[in-house]
Amino acid sequence: MANETETQSPSLTILAQYTKDLSFENPGAPRSLQARDKAPSININVNVNANPLSETDFDVILTLSAEAKDGDKVVFVTELVYGGVFRITGFPQEHMLPVLFIECPRLLFPFARQIISDVTRNGGFPPLMIDPIDFGQMFAQRVAEEQARSQVQTLNS
């Protein structure tokens, strides 16, 4: 008899989405709001983590942080920790990590992007529209780093 996960069709459901943490700092206000000759340089960092809540439910956390600088002066800093609780059933075990680290953050990203856009606009700046993120490439890079790290540990053992 086939096991239950083989006969069940794959399903990915968002049970909840939430803002876990949101911060915005405008340390130079009101001077930082004055017109400037050139746009500030903006550094954006993205991170994804996943934690099991049960056999089928997972908490996926997408962290977006952005720092805008004009020379060495910080114009603004924002960080968002945005989560989603996902129910994942019917996927083969080897597909679980790609689902958690590619598909889940891909579904969360548009909402997180809108929050960052709104908070920068509400902070007195043009809305920061973060470019789409290739979570597949991010995942591949993370896997490659983990493999390299394990090879180094094996060599050092």
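The structure is a predicted model, in which local features need pLDDT of at least 70 and side-chain atom pairs count only at pLDDT 80 or more, while totals for chains, interfaces and linings use all residues. Residues are numbered from 1 along each chain as its sequence is written, and side-chain values use heavy atoms, with hydrogens and water left out.

**Figure 1. The whole protein chain.** The protein chain contains three helices and four strands, arranged along the sequence in the pattern α-β-β-β-β-α-α. Helices (H or I, at least four residues) and strands (E, at least two) are DSSP runs, numbered from the N terminus. The C-alpha trace spans about 70 × 45 × 20 Å along its principal axes. Of the 157 residues, 30% count as buried; buried means under 20% relative accessible area, exposed means over 50%, and partly exposed lies in between (1.4 Å probe, protein chains only). The protein chain exposes about 9,900 Å², of which carbon and sulfur atoms supply 51%. Accessible areas come from the Shrake-Rupley method with a 1.4 Å probe; for residues, only the protein chains shown count as cover. Among contacts (heavy atoms within 4.5 Å) between residues at least 6 apart in sequence, 69% join residues at least 24 apart.

**Figure 2. Confidence and the start of the chain.** The predictor's confidence in each residue is given as pLDDT, from 0 to 100. The protein chain averages a pLDDT of 91, and 94% of the residues score at least 70. Over residues 1-5, however, pLDDT stays under 50, and the model has two contacts beyond four places in sequence for this segment. Where pLDDT is low, the predicted coordinates should not be read in detail.

**Figure 3. The aromatic pair of F24 and F76.** Rings of Phe, Tyr and Trp (its six-membered ring) pair if their centres lie within 6.5 Å; planes under 30 degrees apart count as stacked, over 60 as edge-to-face and the rest as tilted. By this rule the structure has five aromatic pairs. One of them joins F24 and F76, whose ring centres are 5.7 Å apart and whose planes meet at 25°, so the pair is stacked. Because F24 belongs to strand 1 (residues 11-25) and F76 to strand 4 (residues 73-89), the pair ties together parts 52 residues apart in sequence. F24 is partly exposed, with a relative accessible area of 24%, whereas F76 is buried, with 4%. Together with F125, F24 and F76 form one aromatic cluster.

**Figure 4. The aromatic pair of F101 and F139.** F101 and F139 form a stacked pair, 6.2 Å from centre to centre and with 20° between the planes. F101 lies in helix 2 (residues 93-122) and F139 in helix 3 (residues 135-156), so that the pair links distant parts of the chain, 38 residues apart. Both F101 and F139 are buried.

**Figure 5. The salt bridge between D70 and K38.** A salt bridge is a side-chain nitrogen of Lys or Arg within 4 Å of a carboxyl oxygen of Asp or Glu, and the structure holds six. In one of them, the side chains of D70 and K38 meet at 3.8 Å, N to O. This pair links distant parts of the chain, 32 residues apart: D70 is in strand 3 (residues 57-70), and K38 is in the loop between strand 1 and strand 2 (41-52). D70 counts as partly exposed at 29% relative accessibility, while K38 is exposed, with a relative accessible area of 53%. R36, K38 and D70 are linked in a network of salt bridges.

Figure 6. D118 forms a salt bridge with R121, with 3.3 Å between the closest N and O atoms. Because D118 and R121 are three residues apart in helix 2, about one helical turn separates them. D118 is partly exposed at 25% relative accessibility, and R121 is partly exposed at 43%. In helix 3, E146 and R149 are likewise three residues apart, about one turn of the helix. The closest N and O atoms of the salt bridge between E146 and R149 are 2.9 Å apart. E146 counts as partly exposed at 44% relative accessibility, and R149 counts as partly exposed at 43%.
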